[in-house]
Amino acid sequence: MRLRTKPNALDTLLKNQDMVIFKPNEYKGKWNQHFNNTNPIYVELGTGKGKFIVENAKKSPNINFIGIDAKNEVLYMALKKALEEKELTNLALLPFNIENIEEVFDYDEVNRLFINFPDPWPKARHEKRRLTNIRFLQKYKNFLESNSLIILKTDNKPFFDYSLEEFKLADFKTISVTYDLKSEKDLANILTEYELKFMEKEVKINRLICTL
Ligand SMILES: C[S@@+](CC[C@H](N)C(=O)[O-])C[C@H]1O[C@@H](n2cnc3c(N)ncnc32)[C@H](O)[C@@H]1O
């Protein structure tokens, strides 16, 4: 995701450390303490500009949402969206590289995982960077509770087909696969920034829902 440099992004993130967690590894196994309740925890990987996670947090106050992205500039946009809402105490934003996600969550700590329009890394030599590479899937398994849903959405069909195979290899159980999400008329589906752009261009969206 290309963004113009935002000189005040880091400053603004630093000023909002009740929502932006710079050392998330300190909360490993203790996210319920951070949120001050025992509500389920839903995580979005590569949360981008935050439309999806902020709308979810608004819609479901009894679920705790955690959005992770390595880029300060996009998390800053997500934070701005969150601050426009009235006190979203059920949302945390983590400036963090998913590569090290095992440092952030403990066994059974997460109840749902969203992977929305991840970078497809089409070159074979970058395969290990794909967030659905089996290397990452094994990491996710360590912190997902046994009935968790993992929901992947992408416009990229070759990447989707690749991901289906990786989830299979990692022994995840498929619940549903669609190659044209729009045709499902799923009213509960919350659109991400990327999804909105693709839908406007009539690009078909693929979705996998699976569990452990
Ligand atoms: C293509 S964008 C999609 C954004 C958003 N999910 C959407 O659907 O609109 C992918 C996002 O994932 C983030 N990302 C990719 N790899 C990451 C990693 N290893 N750790 C943290 N964030 C990552 C990027 O910074 C970018 O914001």
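Visitor: What should I know about the model before we start?

Guide: It's predicted, so local features need pLDDT of at least 70 and side-chain atom pairs count only at pLDDT 80 or more, while totals for chains, interfaces and linings use all residues. Residues are numbered from 1 along each chain as its sequence is written.

Visitor: How many helices and strands does the protein chain have?

Guide: There are 8 helices and 7 strands. Those are DSSP runs numbered from the N terminus, helices being H or I with at least four residues and strands E with at least two.

Visitor: Why is Thr154 called buried?

Guide: Buried takes 20 or more other C-beta atoms within 10 Å of a residue's own, exposed takes 12 or fewer, and partly exposed is in between, with C-beta atoms placed from the backbone. Thr154 has 24 such neighbours, so it counts as buried. Thr154 sits in strand E5 (residues 144-154).

Visitor: And why is Asp171 called exposed?

Guide: Asp171 has 11 other C-beta atoms within 10 Å, so it falls under the exposed cut-off of 12 or fewer. You'll find Asp171 in the loop between helix H6 (157-169) and strand E6 (173-178). Its phi is near 70°, a positive value in a residue other than glycine.

Visitor: What about Lys185: buried or exposed?

Guide: Exposed, because Lys185 has 7 C-beta neighbours inside 10 Å. Lys185 lies in the loop between helix H7 (181-184) and H8, and has a positive phi of about 50° although it is not a glycine.

Visitor: Which residues does Thr154 touch, leaving out those up to four places away in sequence?

Guide: Phe117, Pro118, Phe159, Phe160 and Asn206. Contact means that the C-beta atoms, placed from the backbone, lie within 7 Å.

Visitor: How do you know that E4 and E5 pair?

Guide: Pairing needs DSSP to find at least two bridges between the strands. E4 and E5 have 6, in the parallel sense, and Arg112 stands opposite Leu149 in E5. E1 and E4 also pass, with 4 bridges, and run parallel; there Leu45 stands opposite Ile115 in E4.

Visitor: What makes E4 mostly covered?

Guide: In E4, 6 of its 7 residues are buried.

Visitor: Which residues touch the most other members of the largest nonpolar core?

Guide: Val43, Leu45, Ala78, Leu79, Leu93 and Leu113, out of 48 residues. Helix H4 (residues 72-83) gives the most to this core, with 7 residues. Such a core is a set of buried Ala, Val, Leu, Ile, Met, Phe, Trp, Tyr and Cys residues joined through C-beta atoms within 7 Å.

How values were computed
Contact = placed C-beta atoms within 7 Å.
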